[in-house]
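Hi everyone, thanks for making time for this. I'd like to walk you through one structure, so let me put it on the screen.

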Amino acid sequence: MAATTTLSKPFSSSSSSSSYQPSDDYRYDVFLSFRGEDTSMSFTDHLYYALTKAGFRTFIDNFRRTEDYSSEIFPIIQEFRIFLIVLSKNYASSTGCLEELVEILQCCRRSNQMVVPIFYHVSSSDVRNQFEEEYPSGGELSLKLLIFPG
């Protein structure tokens, strides 16, 4: 089961004007996409807790990658405003991460959702090179690399 934080009243009237105010347009504010073995017990967990503490309705994927993963996750991807993609050393070597990324990017192409890449102990050129190694013929995924400047 996925861990989520949904706050019915995330801010009191005394909250500072710089605090995040969630919108009702989406079920969640932030979807964290990451390679668990690289970041789940460190950076991603800290990011999740910081976001929820700030009032963001945040989804962190605690599903085990099974055959049913895509059927459980893909239908809810449209319910998010922002996708934080934590690109790490082994992100592009995971078929599940790549399938999730393609689904996110396809969904964002149809709506006003936002994708924000976070480079965790890798550079944008490292990630681009890894994607190009995984997909040497280019194809549709190479067009999506435009979100990863480098």
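Let me start with helix H4, where the buried residues are Cys97, Leu98, Glu100, Leu101, Ile104, Leu105, Cys107 and Cys108. How does the span of H4 agree with its 16 residues? At 1.5 Å a residue, those 16 residues should span 22 Å, and the end C-alpha atoms of H4 are 23 Å apart, which agrees.

Before going further, please keep in mind that this is a predicted model. The mean pLDDT of the protein is 74, with 67% of the residues reaching 70 or more. Where is the confidence lowest, and where is it highest? The lowest is in strand E1, residues 3-4, with a mean of 44, and the highest is in H2, at 93. Residues 1-18 stay under 50 in pLDDT, and the model has 33 contacts for them beyond four places in sequence. Residues 146-150 are also below 50, and that stretch has 13 contacts in the model beyond near neighbours in sequence.

Now the overall layout. The protein has six helices and five strands. Reading from the N terminus, the order of elements is β-β-α-α-β-α-β-α-β-α-α. Of the 150 residues, 42% are buried. If you take the contacts with a separation of 6 or more, 77% of them come from residues 24 or more positions apart.

Let's turn to the strands. Strand E4, residues 80-87, is joined to strand E5, residues 114-119, by six bridges, and the two run parallel. Between E4 and E5 the chain passes through helix H4, residues 95-110, and this β-α-β crossover is right-handed. If you want to follow individual partners, Leu84 has Val116 in E5 as its bridge partner, while Phe83 has Val115 in E5. E4 also pairs with E2: six bridges join them, and they run parallel. There, Phe34 stands opposite Val86 in E4.

Is E4 enclosed or open to the outside? Seven of its eight residues are buried, so E4 is largely enclosed by the rest of the structure.

Next, the aromatics, which I think you will enjoy. In general, a pair of aromatic rings is described by the distance of the centres and the angle of the planes. The count here comes to nine aromatic pairs. Take Phe31 and Phe83: their ring centres are 5.7 Å apart and their planes are at 55°, so the pair is tilted. Edge-to-face would need over 60 degrees, and stacked would need under 30. This pair links distant parts of the chain, with Phe31 in strand E2, residues 28-34, and Phe83 in strand E4, 52 residues apart. Both Phe31 and Phe83 are buried.

A second tilted pair is Phe43 with Tyr120, at 5.1 Å centre to centre and 35° between the planes. Here too, distant parts of the chain are linked: Phe43 is in helix H2, residues 43-53, Tyr120 is in the loop between E5 and helix H5, and they are 77 residues apart. Are these two residues buried or exposed? Phe43, at 27% relative accessibility, counts as partly exposed, whereas Tyr120, at 19%, counts as buried.

For context, most residues other than glycine have a negative phi. His121 is found in the loop between E5 and H5, and with a relative accessible area of 69% it is exposed.

The other one is Arg35, in the loop between E2 and helix H1. Arg35 has 17% relative accessibility, so it counts as buried. Which residues does Arg35 touch, leaving out those up to four places away in sequence? They are Ser40, Val86, Ser88, Asn90, Tyr91, Ser93, Ser94 and Cys97. For Ser88, which is 53 residues from Arg35 along the chain, the C-alpha atoms of the two are separated by 7.0 Å.

That's my tour, and I'm happy to take questions.

Technical notes: Residues are numbered from 1 along each chain as its sequence is written. This is a predicted model: local features need pLDDT of at least 70, side-chain atom pairs count only at pLDDT 80 or more; totals for chains, interfaces and linings use all residues. Side-chain values use heavy atoms; hydrogens and water are left out. Two strands pair if DSSP finds at least two bridges between them. Helices (H or I, at least four residues) and strands (E, at least two) are DSSP runs, numbered from the N terminus. A crossover is right-handed if, with the strands pointing away from the viewer, the path from the first strand over the helix to the second runs clockwise. Rings of Phe, Tyr and Trp (its six-membered ring) pair if their centres lie within 6.5 Å; planes under 30 degrees apart count as stacked, over 60 as edge-to-face and the rest as tilted. Buried means under 20% relative accessible area, exposed over 50%, partly exposed in between (1.4 Å probe, protein chains only). The expected span of a helix is 1.5 Å times one less than its number of residues. pLDDT is the predictor's confidence in each residue, from 0 to 100. Contact means heavy atoms within 4.5 Å.
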